[in-house]
Amino acid sequence: MRAVLFQGVGRVEVGEAPEPQLETPWDAIVRVEWAGICGSDLHLYHGKFPLLPGSVLGHEFVGVVEALGEGVRGLEVGTRVVGTFHVACGVCPFCRRGEFHLCERRGVYGYGPLFGNLPGTQAERVRVPFAEVNLRPLPQGLPPERALFAGDILATAYGALKNTRLKPGERVAVVGAGPVGLMAVEAAFVMGASKVLAVDRVEARLSFAEGLGAIPVNSTKENPVRRVREETDGEGADVVVEAVGGTATLALAFELVRPGGRISAVGVDNAPSFPFPLSSGLVRDISFRLGLANVHRHLDELLALLATGRLRPEQVVSHTLPLEEAAEGYRLFDTKEALKVLLKVG
Ligand code: NAD
Ligand code: ZN
Ligand code: ZN
């Protein structure tokens, strides 16, 4: 089958990959229709995490169930489904507590040996382990290009805000106006935020955030700390979402948050540690939340919001390319010429 293959730092190409097979009674094979390119794929593209050349990339997808193991309940061949970017077993102690992102058998498609060694979803077909847990049929009338976002970046942003227990009327600062940050802007308004500030360095992305109702803050042109204070009666944001990854933007999040405020960081980075502002964090009573998304936890709620059009994340898609043009898609997204790239697979 055709698939997007990692070939080394800054190099991807579309080539032949082995056809996936049912390996356990709980597997499904999904024929992929749409696959996204995510900021997390760029970390692999940049060589931040190890991946063998020839590995299939990608973890965002919508497709049609093509084959099912005999143990899978609740799904049928021919059903259109959205997949979660991380897989969970549904039965281990973590899954039973609803902590699917901590599952003992967890993995992330296309993320190499550190994350379960699962081939990626930027491919004609993909094997889905524990299919009953990791696939959801699309609600009636929900377009696949919109549903795709529930399986990764929308769920990431929504979960990040849920983790802060955002209350209606609160003021939110989002660091990073990439696709994940823009999902946070949209979701924050749906949850009742009175004001959202979006901090980035790329003008086109900030304009997009402004179109969603956020106040754009270009941190190369103005001091984001001063601007966020000005916009929040001198206090700082009640809630800060960090959607970039790395120590500089984490440090900025601590400066943007008000005393008593909450920070939720979902940006991915390979830095082993971060100089935590211990005494000021203590005195200012800051809550700091970190972690990979728990997509399964909010999936059904998000599919309902998507089906009614309350959330319209597909607005961020700037480029739709055929699978064969994936290398160009990676280039466009990496250089930020593209805001979000979807690959049309089948
Ligand atoms: P992206 O690379 O398109 O977006 C990052 C944005 O941050 C860009 O717009 C960039 O201009 C901006 N930026 C970079 N440095 C900055 C700085 N110093 N100050 C302000 N803005 C800055 O990627 P994305 O798809 O939006 O993903 C964002 C992050 O979320 C990535 O690290 C990705 O790996 C992560 N992510 C995490 C999860 C999770 O489960 N925690 C899930 C999906 C994505
Ligand atoms: Zn992702
Ligand atoms: Zn589990």
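**View 1. Shell around ligand 1 in the predicted model.** Helix H1 contributes the most to the shell around ligand 1, with 3 residues. At least two shell residues each come from H1, helix H6 (179-190) and strand S11 (195-200). Helices (H or I, at least four residues) and strands (E, at least two) are DSSP runs, numbered from the N terminus. In total, 27 residues surround ligand 1, and the closest are Ser40, His43, Asp200, Val244 and Ala293. A residue is near a molecule or strand if one of its heavy atoms lies within 4 Å of it. This is a predicted model, in which local features need pLDDT of at least 70 and side-chain atom pairs count only at pLDDT 80 or more, while totals for chains, interfaces and linings use all residues. Residues are numbered from 1 along each chain as its sequence is written, chains are lettered from A and ligands numbered from 1 in the order in which they are written, and side-chain values use heavy atoms, with hydrogens and water left out.

View 2. Oxygen atoms of ligand 1 lie 2.9 Å from a backbone N or O atom of Val180 and 2.8 Å from a backbone N or O atom of Val244. On the side-chain side, an N or O atom of Arg201 is 3.2 Å from a nitrogen atom of ligand 1. A polar contact is a pair of N or O atoms within 3.5 Å; within protein, one must be able to donate a hydrogen and the other to accept it, and residues adjacent in sequence count only if both atoms are side-chain atoms. On its own, ligand 1 has 860 Å² of accessible area, of which the protein covers 91%. Accessible areas come from the Shrake-Rupley method with a 1.4 Å probe; for residues, only the protein chains shown count as cover.

**View 3. Zinc ion (ligand 2).** Cys38 (SG), His59 (NE2) and Asp152 (OD) coordinate this ion at 1.8 to 2.3 Å. Donors are N, O and S atoms within 2.8 Å of the metal (3.2 Å for Na, K and Ca); water is not among the atoms, so sites may look incomplete. The donor residues are spaced C-x20-H-x92-D in sequence. Cys38 is buried at 4% relative accessible area, and His59 is buried at 1%. Buried means under 20% relative accessible area, exposed over 50%, partly exposed in between (1.4 Å probe, protein chains only).

**View 4. Zinc ion (ligand 3).** The donors here are Cys89 (SG), Cys92 (SG), Cys95 (SG) and Cys103 (SG), at 2.3 to 2.4 Å. Their spacing along the chain is C-x2-C-x2-C-x7-C. The arrangement is tetrahedral because the 4 donor atoms subtend angles of 101 to 118 degrees; four donors count as tetrahedral if all angles lie between 85 and 135 degrees. Cys95 and Cys103 are both buried.

**View 5. Two non-glycine residues with positive phi.** Phe130 has a phi of about 45 degrees and is found in the loop between strand S8 (125-128) and helix H3 (131-134). Its relative accessibility of 23% makes Phe130 partly exposed. Asp285 has a phi near 60 degrees and lies in the loop between helix H10 (278-283) and strand S15 (287-290). Asp285 is exposed, at 55% relative accessible area.

Definitions and conventions. Tetrahedral: all angles 85-135°; square planar, octahedral: opposite > 155°, others 65-115°.
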